Amino acid sequence: MATLLDKLWAAHEIKAEHGQSLLWVDRHLVHEGSHHAFAKLAERGLEVAEPELTFGVADHYAPTRNRDRIDNPQVAVMLERLEANCTRHGIRLFGLRDPRQGIVHVIGPEQGLTLPGLLINCGDSHTSTHGAFGALGFGIGATQVAHVLATQTVWQAKPRAMRIRFEGEPGVAVTAKDMALHWISQLGTGGATGHAVEYAGSAVRALSMEGRMTLCNLSIEGGARFGMVAPDAVTLAYVKGRPMAPSGTDWDAAEAYWQTLHSDTDASFDRDVSFDMAEVAPTVTWGTTPDQALPIGASLPDPARLDPTQAEAARDAMAYMGLTPGRPLEGTPVDQVFLGSCTTGRIDDLRAAAAVLKGRKAKVPGLVSPGSMLVKQQAEQEGLDKVFIEAGLEWTGSGCSMCVGMNGDLVGPGKRCASSTNRNFRGRQGKGARTHLMSPAMVAAAAVTGTLTDVRPLLEGRG
């Protein structure tokens with residue numbers, strides 16, 4: 001019997017040779033960093049094979065402020081190059097002046113470009129986000145981007161199938177971000193290496209599409225090639241009526257097909273892991289890899305008591321992060337906060353943070369960058385922007401922003417940031433930056449207290 005991975009792979013495989021499959025690509029998403037691939041096409045005199053299936057997005061270098069006057073020459077060049085390449089090849093561009101602009105992995109689902117059953121590629125590792133819809137979504141390198149542009153196909157080795165199940169009811173303020181950090185902390189950053197992860201179980205089915213996207217987005221941080229969730233009624237309700245989703249009889253045919261996209265009851269997985277939601281708490285990273293994470297109520301590990309293979313990494317991480325073994329994680333002072341990214345920059349994420357911040361003042365500065373300009377618009381219609389501004393945080397435009405720091409939004413050397421993003425590697429948010437990953441609600445709690453804080457007491461009496 002077949003897994004969801006088997007079904008999707010078979011639907012896209014053109015041929016197989018030497019352990020590799022040539023796969024048809026349904027959607028190809030390009031951004032400013034894709035200029036190397038366009039240059040390769042120009043060198044060989046090639047055209048984009050299927051421009052109507054290719055979509056350009058300004059996100060990594062997109063300035064979140066002063067969009068009418070870009071002062072940074074590097075940023076301006078990158079954005080101009082993307083626009084020129086898209087114009088040259090007839091590619092639809094969600095550029096800086098487009099009211100639908102946003103982070104590529106936010107606007108794909110938002111616009112209905114992301115649909116169940118598709119294969120979606122982008123030169124960005126967090127393309128796995130799109131797997132939340134029951135799609136094959138994975139990042140590719142510059143050479144592969146050029147190959148997809150020229151042929152609308154990609155060579156890929158089929159990963160092994162892994163299932164991660166979450167069963168039970170989540171506790172207060174336990175989110176998809178906590179679920180992801182929990183499994184990565186338990187299995188390690190290489191725990192899913194060589195596998196495609198299908199998320200399943202009652203707690204996954206109970207997640208909104210925003211939560212499922214967060215879960216799939218972070219699959220990469222646990223070593224997976226990509227993550228997936230089988231489409232269901234929640235998926236269909238989210239997709240229906242999106243600008244580029246099918247409609248009418250096309251919708252009926254698509255829905256009938258999408259309902260077949262699930263692992264068969266007795267399908268076999270190469271690895272099967274299950275977690276009890278009773279064991280998942282609001283979780284925060286303390287080190288410099290996503291698996292160096294703990295429940296907020298825990299104390300920092302003592303490297304002397306760790307396995308020798310982990311001890312050295314823990315010592316190095318604590319030295320970089322300026323932390324003391326054995327001290328409580330809660331109460332660690334932070335210098336600033338960031339809310340945004342393709343991991344947790346959607347409307348549900350902003351609502352969760354605003355629920356904590358409403359009527360309160362932030363003790364540290366912070367930046368809030370919505371995942372798209374449409375998310376920004378919706379948040380403003382709901383009054384969320386006023387909550388952030390009145391709390392003392394900066395409300396900006398959309399882009400990758402402080403997640404990766406390519407647009408100038410940075411964490412200063414030695415500064416500690418409570419961040420809703422996806423990576424806490426050294427220098428990820430800026431040279432010498434110290435990053436703690438957590439959910440949007442936990443970021444809001446850190447803003448209010450100026451420390452890493454358990455958000456749950458702050459939510460008492462707030463419905």
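The following dialogue explains how to read several features of this predicted model.

Student: How is the packing of two helices described?

Tutor: Two packed helices are described by the angle between their axes and the distance between the axes. In this structure, take helix 12 (residues 347-357) and helix 15 (residues 440-449): their axes come within 8 Å and cross at roughly 30°.

Student: Which term describes the relative direction of helix 12 and helix 15?

Tutor: Angles under 35 degrees count as roughly parallel. Helix 12 and helix 15 are therefore roughly parallel to each other, and their crossing is right-handed.

Student: Which residues make the contact?

Tutor: Helix 12 contributes Asp349, Ala352, Ala353, Val356 and Leu357, while helix 15 contributes Pro440, Ala441, Ala444, Ala445, Ala447 and Val448. By class, the residues of the contact of helix 12 with helix 15 comprise 10 nonpolar, no polar and 1 charged.

Student: At what angle do helix 6 and helix 8 pack?

Tutor: Helix 6 (residues 176-187) and helix 8 (residues 209-217) pack at about 25°, and their axes are 8 Å apart. These two helices are therefore roughly parallel to each other. The crossing of helix 6 and helix 8 is right-handed. On the side of helix 6, Ala176, Lys177, Met179 and Ala180 take part, and they meet Gly211, Thr214 and Leu215 in helix 8. The contact of helix 6 with helix 8 has 4 nonpolar, 2 polar and 1 charged residues.

Student: How do the axes of helix 2 and helix 3 cross?

Tutor: The axes of helix 2 (residues 35-44) and helix 3 (residues 73-89) cross at roughly 45° and come within 10 Å. That angle makes helix 2 oblique to helix 3. The crossing in which helix 2 passes helix 3 is left-handed. His35, Phe38 and Leu41 of helix 2 make the contact with Met78, Arg81, Asn85 and His89 of helix 3. Sorted by class, the residues of the contact of helix 2 with helix 3 are 3 nonpolar, 3 polar and 1 charged.

Student: Where do Phe138 and Phe226 lie?

Tutor: Phe138 lies in strand 7 (residues 136-139) and Phe226 in strand 11 (residues 226-228), so the pair ties together parts that are 88 residues apart in sequence. Phe138 and Phe226 are buried.

Student: How far apart are the ring centres of Phe166 and Phe275?

Tutor: The ring centres of Phe166 and Phe275 are 5.4 Å apart and the planes are at 25°, so this pair is stacked. Phe166 is in strand 9 (residues 160-167) and Phe275 in strand 12 (residues 271-276); the pair links distant parts of the chain, 109 residues apart. Phe166 and Phe275 are both buried.

Student: Next, let us consider single residues. Is Asp264 buried or exposed?

Tutor: A residue counts as buried under 20% relative accessible area. Asp264 has a relative accessible area of 18%, so Asp264 is buried. Asp264 is found in the loop between helix 10 (248-258) and strand 12. Leaving aside neighbours within four places in sequence, Asp264 is in contact with Met1, Ala2 and Lys7.

Student: What is the relative accessible area of Gly408?

Tutor: The relative accessible area of Gly408 is 49%, so Gly408 is partly exposed. Gly408 is in the loop between strand 17 (394-395) and strand 18 (416-419). Gly408 and Leu82 are 326 residues apart in sequence and 18 Å apart in space, C-alpha to C-alpha.

Terms used. Residues are numbered from 1 along each chain as its sequence is written. This is a predicted model: local features need pLDDT of at least 70, side-chain atom pairs count only at pLDDT 80 or more; totals for chains, interfaces and linings use all residues. Side-chain values use heavy atoms; hydrogens and water are left out. Axes are lines fitted to C-alpha atoms, for helices over the stretch in contact, and angles run from 0 to 180 degrees between N-to-C directions. Helices (H or I, at least four residues) and strands (E, at least two) are DSSP runs, numbered from the N terminus. Angles under 35 degrees count as roughly parallel, over 145 as roughly antiparallel, 65 to 115 as roughly perpendicular and the rest as oblique. A crossing is left-handed if the near helix is turned anticlockwise from the far one by less than a right angle, and right-handed if clockwise. Contact means heavy atoms within 4.5 Å. Ala, Val, Leu, Ile, Met, Phe, Trp, Tyr, Cys and Pro count as nonpolar, Asp, Glu, Lys and Arg as charged, and the others, Gly among them, as polar. Buried means under 20% relative accessible area, exposed over 50%, partly exposed in between (1.4 Å probe, protein chains only). Rings of Phe, Tyr and Trp (its six-membered ring) pair if their centres lie within 6.5 Å; planes under 30 degrees apart count as stacked, over 60 as edge-to-face and the rest as tilted.
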